[in-house]
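Grab a pencil and work through a few exercises on the structure below. Try each task yourself before you read its solution.

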2 protein chains.
Amino acid sequence: MRTVIVGGDAAGMSAAGRVKRTLPDMEVVVLEQTRDVSYSACGMPYNIANPARDIDDLVVRKAEVFREKQGINLLTGYGVEAVDPGTQTVSGVTHEGNAFSFSYDRLLIATGASPVMPDIPGTDLPGVMALKRLDDGRSIKAFISQNRVKRVVILGMGYIGLEMCEALRALDIDVEMIKPGPVFLPWMDRDLARVVREEVEAEGVRLYPGSEAKEIKVSGNQLSVVCGKGTHTADMVLVAMGIRPNSREAAAAGVALGPSDSIAVDKTLQTSIPNIFSAGDCADAYHVVTGEKTWIPLALRANRAGWAAADNICGGKTVLEGVAGTAVFKVFHLEVARTGLTGEEAKRYGFEPAAVTIETRSRAHSHPGASTIYAHLVGDKKSGKLLGAQLVGREGAAHRINAAAVALHARMSVQDFSGTDLSYAPPFGPTWDPLLTAANQLSKNMR
Amino acid sequence: MRTVIVGGDAAGMSAAGRVKRTLPDMEVVVLEQTRDVSYSACGMPYNIANPARDIDDLVVRKAEVFREKQGINLLTGYGVEAVDPGTQTVSGVTHEGNAFSFSYDRLLIATGASPVMPDIPGTDLPGVMALKRLDDGRSIKAFISQNRVKRVVILGMGYIGLEMCEALRALDIDVEMIKPGPVFLPWMDRDLARVVREEVEAEGVRLYPGSEAKEIKVSGNQLSVVCGKGTHTADMVLVAMGIRPNSREAAAAGVALGPSDSIAVDKTLQTSIPNIFSAGDCADAYHVVTGEKTWIPLALRANRAGWAAADNICGGKTVLEGVAGTAVFKVFHLEVARTGLTGEEAKRYGFEPAAVTIETRSRAHSHPGASTIYAHLVGDKKSGKLLGAQLVGREGAAHRINAAAVALHARMSVQDFSGTDLSYAPPFGPTWDPLLTAANQLSKNMR
């Protein structure tokens with residue numbers, strides 16, 4: 001029996017290792033189009049921030065280990081171009097230009113996602129970069145040092161853009177951020193988004209929401225981003241406008257697609273075509289709050305889905321209930337966290353949302369070193385259930401969000417959540433955890 | 001209608017304020033035997049650690065505010081000695097020696113707890129102190145500065161003892177800790193307890209578990225604690241051997257008692273006698289994992305029970321499901337957290353426990369500043385449910401425990417918990433949160 005895995009990143013390599021451990025006699029072929037496998041993509045901004053670090057220290061496990069220790073036939077530089085479910089074959093061309101094809105008994109599509117590039121002239125100019133693969137990180141790092149970059153324009157204001165703006169400021173690079181939409185962090189509660197915006201601006205970053213890039217031009221070594229409202233010059237332009245699933249080959253093979261053209265999978269990671277599974281940033285998932293399909297490409301889900309797909313490829317039955325949409329990022333001194341639905345999303349899914357935003361301290365009354373922490377909770381007036389949570393603060397936001405995430409998985413009511421026994425000691429929070437203070441208040445509003 | 005509240009600390013004052021807000025016409029009398037009300041008792045070790053801080057900065061709200069702004073008849077220096085449920089009267093003697101009595105329509109007993117003192121000669125010597133009330137903190141702080149304390153022996157090795165040993169080391173005071181039982185932190189997983197012990201010893205604290213104090217003697221200004229195995233000299237002896245509920249007056253009035261002689265209350269905080277409620281460290285609670293009564297006196301429960309009792313005193317119906325036993329403390333550079341049952345407790349309650357301890361990193365692969373974090377999970381083989389969790393680490397333990405606490409409230413299985421969508425970003429943890437890594441492994445062990 002042969003399992004072919006297309007894509008050697010988080011989901012693909014997790015699956016490859018697990019298949020081999022479960023069924024050592026299974027032949028496992030991994031086809032990865034780049035040179036790099038198994039690296040911490042999320043760590044790239046932090047690596048870029050520090051010129052002394054080698055980008056390769058993000059590699060978690062080297063290709064040789066997979067090949068020699070785990071017996072996986074890992075082929076890098078293999079770009080898959082077609083899947084034929086009729087003959088159960090994948091085919092493509094190697095980096096060196098040689099055609100290849102492999103038959104499969106089970107196929108896992110773990111092709112990940114690619115950066116969204118704006119459809120404007122100039123995105124192919126030298127110095128216009130996007131960050132997704134390790135090679136992108138390599139190129140950005142090399143470009144910054146070789147060109148002594150002093151000014152960067154970032155297109156986009158999402159997680160990656162904000163993490164990169166922190167990294168660039170650490171290198172003392174001037175940063176401007178531009179995005180077409182008028183609202184900064186539109187998925188956040190307005191009060192919390194304001195706090196994040198103030199933090200970013202306090203670090204000297206200039207934000208231009210509502211500015212659409214029309215063209216990128218070059219003059220000498222100087223790039224300029226032409227917007228409706230003005231022109232921004234820079235030594236480098238970083239495109240961080242989000243990502244889209246790499247699902248083209250799957251779609252061409254007739255595999256059904258889900259939200260945002262991600263590959264539709266059931267709770268066992270099976271696609272619409274027998275013997276074809278999908279996992280990672282290219283695949284969709286069920287949302288535990290709505291029960292509907294969603295596409296939220298994040299690292300934990302990719303790893304977990306890789307394992308679950310492997311179990312099911314090996315004849316087991318591992319079922320993934322879904323995601324709560326828990327996400328966290330750091331920007332300068334702030335921890336920013338969310339899980340579940342925003343009020344807007346809740347409305348869209350037919351809930352009757354009530355929301356509350358509170359502001360409290362990160363440590364107990366009079367405890368030194370405390371800062372302000374903001375909590376936002378969304379509940380459903382009809383069912384009484386908790387629907388989502390957001391936290392922003394200098395400390396204690398990133399891990400705190402998990403209490404709300406578990407409550408979402410458990411379909412807990414706001415009132416039951418407000419009665420949970422959360423930890424308290426003066427260095428770590430007020431007696432009533434910020435989430436509980438918010439839940440107490442929301443509970444009242446929902447009556 | 002008159003509500004009398006005995007005890008003006010967390011539970012009592014929370015209740016008093018809430019009754020007054022809900023029913024402004026209700027007469028609310030609070031009888032507090034000390035001078036102090038509404039202060040952050042848990043903050044005392046941190047205040048003692050810093051001679052520049054006034055102990056009174058722990059006061060959250062001054063007595064005048066309750067009296068003048070909230071219309072509460074708050075009487076300090078009023079020590080209640082008897083409750084007569086027949087005539088619905090409480091009586092006692094003031095600090096000045098005057099007898100008093102008050103009739104009540106509703107009575108809330110919120111008398112808190114007192115330090116356990118060893119039954120040995122010498123506990124009444126000057127310099128032998130315990131820490132519970134604000135006045136204790138005042139006395140300890142004054143004693144340390146006036147006597148230029150250089151050596152302290154702490155009797156006990158629980159939360160308070162460990163928090164105080166950190167405080168005393170911050171003052172450059174030599175610390176020895178003694179306790180009769182042979183096991184350091186007996187409620188902890190052995191591996192995690194070892195990590196905490198090593199941290200405490202690395203800070204120069206000498207630990208003597210298995211040493212029972214037989215007598216405390218004085219010679220000049222020098223105290224000595226005589227144990228079976230030797231004698232420890234000190235300028236001050238701190239007794240931190242736990243606390244016991246102040247339930248004597250309630251018991252004398254015929255109120256039924258619960259575990260450890262705490263006052264037994266139902267989920268609405270009613271005692272066995274009509275119109276008498278109890279809340280705070282003196283009262284028991286249901287444990288959400290066992291469904292049985294327990295006595296775990298902690299600040300959040302005291303505040304929450306005060307509010308709930310107030311709601312029910314005012315004719316509402318607020319039901320508290322119970323506690324998960326979530327507790328956290330900081331000792332030197334470590335965060336130590338627990339929730340739910342230990343393996344031993346699980347056995348005692350008829351579960352068939354399986355447990356796992358894992359060691360992982362506090363930040364992502366190759367992220368700078370990472371340290372080791374330890375997670376311990378306990379599950380029930382029979383039902384598959386999660387029963388308890390413990391975490392120890394330099395960062396990320398205190399708030400992480402809450403995810404497990406919520407899972408306990410939701411009666412979640414270990415497998416469902418292992419499938420929850422917890423947050424991930426490189427500065428805050430590995431892709432798989434330590435709790436998830438532990439749950440994955442425990443889930444396998446439970447099959």
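## Exercise 1: a run of strands

**Task.** Work out how β5(A) pairs with its neighbours on either side.

**Solution.** Start with β5(A) and strand β6 (residues 99-103) of chain A: they pair in the antiparallel sense over 5 bridges. Here strands are DSSP runs of E, at least two residues, helices are runs of H or I, at least four residues, and both are numbered from the N terminus; two strands pair if DSSP finds at least two bridges between them. A quick word on the ground rules: this is a predicted model, where local features need pLDDT of at least 70, side-chain atom pairs count only at pLDDT 80 or more, and totals for chains, interfaces and linings use all residues. Residues are numbered from 1 along each chain as its sequence is written, chains are lettered from A and ligands numbered from 1 in the order in which they are written, and side-chain values use heavy atoms, leaving out hydrogens and water.

Tyr78(A) has Thr94(A) as its bridge partner. In that hairpin, Gln88(A) takes a positive phi near 50°.

## Exercise 2: a helix under cover

**Task.** Is helix α10 of chain B largely enclosed or left open, and why?

**Solution.** Count first: 9 of the 9 residues of α10(B) (401-409) are buried, so the helix is largely enclosed by the rest of the structure. Buried means under 20% relative accessible area, with exposed over 50% and partly exposed in between (1.4 Å probe, protein chains only). Then look for the cover, which includes α10 and α11 of chain A, plus β22, β25, α11 and α12 of chain B. Just past the helix, Arg411(B) has a positive phi of about 50°.

## Exercise 3: where the chains meet

**Solution.** For chain B's share, pick His399(B), Asp421(B) and Phe428(B), which supply 16% of the area that chain B buries against chain A, more than any other three residues. Finally, the contact (heavy atoms within 4.5 Å) takes 57 residues from chain B and 57 residues from chain A.

How values were computed
Buried area is the accessible area (1.4 Å probe) that two parts lose on being put together, summed over both.
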